[in-house]
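Subject: Structure handover

Hi,

Here is the structure I promised you. Please open it beside this email and follow along.

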Amino acid sequence: MGYVGPRLLERLRMSIPESVLIGYDTGYFAHCLTGENIFPECRLDMQHYGDVRDLPPDLLSNLDAVIHLAAISNDPMGDRFKDVTNDINYKASVNLARMAKEAGVSRFVFASSCSVYGFAEGGARNEQAPLNPLTAYAKSKIQTEEDLKLLADENFVVTSLRFATACGSSDRMRLDLVLNDFVAGAVAAREITVLSDGTPWRPLIHVKDMAIAMDWALKRPDAAGGVFLALNAGSNNWNYQVRDLAEAVAGVIPGVKVSINKDAPADKRSYQVDFSLYEQLAPDYQPLMSLKTAIEDLAERLESMRFSDRDFRNSRLVRLKVLSEHREQKRLDSQLYWQG
């Protein structure tokens, strides 16, 4: 019930229309709808509510596959909630996989991240490159991958998709993502404020194209990567420096001023990624969106919402702000469990 889920449901309903789709979510962000007149979960056959740390094993009975998205989902939240990030992103993820295997689930798709490469100089990183996770979020993804590899076998095929940085519109859009932030600034204020010096490299992927990759992972032949596959998911055409992303937004949306903080300390999270293996293994499931169409898609959704919040970095479209508000209102405890 977050940012990626609604786009994934759209894809699976189209791609596997006969499937029975069951959701499980704690609902932190269920209210963060952006411009849609429907509840995205209407595309599911059933929606369960609960915490992934306490998922009842019987919910996994008679399932063919699990797609695991649930996580404390970015670096600022990981920094604020380090222990919780470890409990949810790592311990609960591995426990879910163990229970799924015991229940006879045959496919497990894990949403990992290219942030595992951390600071990486000297060209694009492929799957055999050294890992350099710098944050609690990135470290949790690698720990989970390592344990998933031990669980995988011919009856429990695991695909860990190391996604590029997400972007694009969704029924629960986030603005705490680099391209989404820039487009929001352009639409609301005709100004883009780059908090870094603009030099870090980022690979990007549209959330629609993330859904395509997960669809492929459900269907991939075992021979395409073996029983455990850690795969960079994205496109070689989508490696950009942050300043180039800002200029691209200004090139699509007229009258936008770009402000770059050239005196900012260097951002250590800088990496280019090689997606050649994904292109080789999944030639019919490659990303469809371009940077220009992604910017247009975001701008169109925000404009349809009559979006004008210049202070959007402090709004409920930023996930850390939502969790902080839940905590301030005592809806969540210090471990992010619902109260009452």
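Below are the notes, starting with the ground rules and then going through sheets, helices, cores and single residues.

This is a predicted model, in which local features need pLDDT of at least 70, side-chain atom pairs count only at pLDDT 80 or more, and totals for chains, interfaces and linings use all residues. Residues are numbered from 1 along each chain as its sequence is written, and side-chain values use heavy atoms, with hydrogens and water left out.

Helices (H or I, at least four residues) and strands (E, at least two) are DSSP runs, numbered from the N terminus. Strands of a sheet pair through backbone hydrogen bonds, either parallel or antiparallel. Here, two strands count as paired if DSSP finds at least two bridges between them.

Look at the middle. Strand β4 (residues 107-113) runs parallel to strand β5 (residues 157-163), and 7 bridges join them. Phe108 sits opposite Val158 in β5.

Contact means heavy atoms within 4.5 Å. Angles run from 0 to 180 degrees between N-to-C directions, and axes are lines fitted to C-alpha atoms, for helices over the stretch in contact.

**The three-stranded sheet**

A second open sheet has 3 strands in the order β6-β8-β10, with mixed pairing. Its edge strands are β6 (165-167) and β10 (239-241), and each pairs on one side only. Here the twist averages 50 degrees from one strand to the next.

β6 pairs with strand β8 (residues 201-206) in the parallel sense, over 3 bridges. Thr165 has Leu204 in β8 as its bridge partner. α6 packs on this sheet, touching β6 and β8, with its direction at about 75 degrees to that of β8. α7 packs on the sheet too, touching β8 and β10, and makes about 90 degrees with the direction of β10.

**Two helices that cross**

Two packed helices are described by the angle between their axes and the distance between the axes. How do α7 and α9 cross? The axes of α7 (residues 242-252) and α9 (residues 291-304) come within 10 Å and cross at roughly 65 degrees. The crossing is right-handed, meaning that the near helix is turned clockwise from the far one by less than a right angle. Leu245, Ala248, Val249 and Val252 in α7 meet Leu291, Lys292, Ile295 and Glu296 in α9. That contact has 6 nonpolar residues, no polar ones and 2 charged. Ala, Val, Leu, Ile, Met, Phe, Trp, Tyr, Cys and Pro count as nonpolar, Asp, Glu, Lys and Arg as charged, and the others, Gly among them, as polar.

**Cores**

Buried means under 20% relative accessible area, exposed over 50%, and partly exposed in between (1.4 Å probe, protein chains only). A nonpolar core is a set of buried Ala, Val, Leu, Ile, Met, Phe, Trp, Tyr and Cys residues joined through side-chain atoms within 4.5 Å.

The largest core has 74 residues, and Leu179, Val183 and Trp216 touch the most other members. α6 gives the largest share, 9 residues. Another core of 17 residues lies apart from it, with Leu96, Ala100, Leu148 and Ala230 among them.

**Single residues**

Ile192 is in strand β7 (residues 191-194). Is Ile192 buried or exposed? Ile192 is buried, at a relative accessible area of 1%.

Now find two residues with positive phi. Arg306, not a glycine, has a phi of about 55 degrees. Arg306 is in the loop between α9 and α10 (319-328), and is exposed at 73% relative accessible area. Leu336 has a positive phi near 65 degrees. Leu336 follows α10 and is buried, at 0%.

Best wishes
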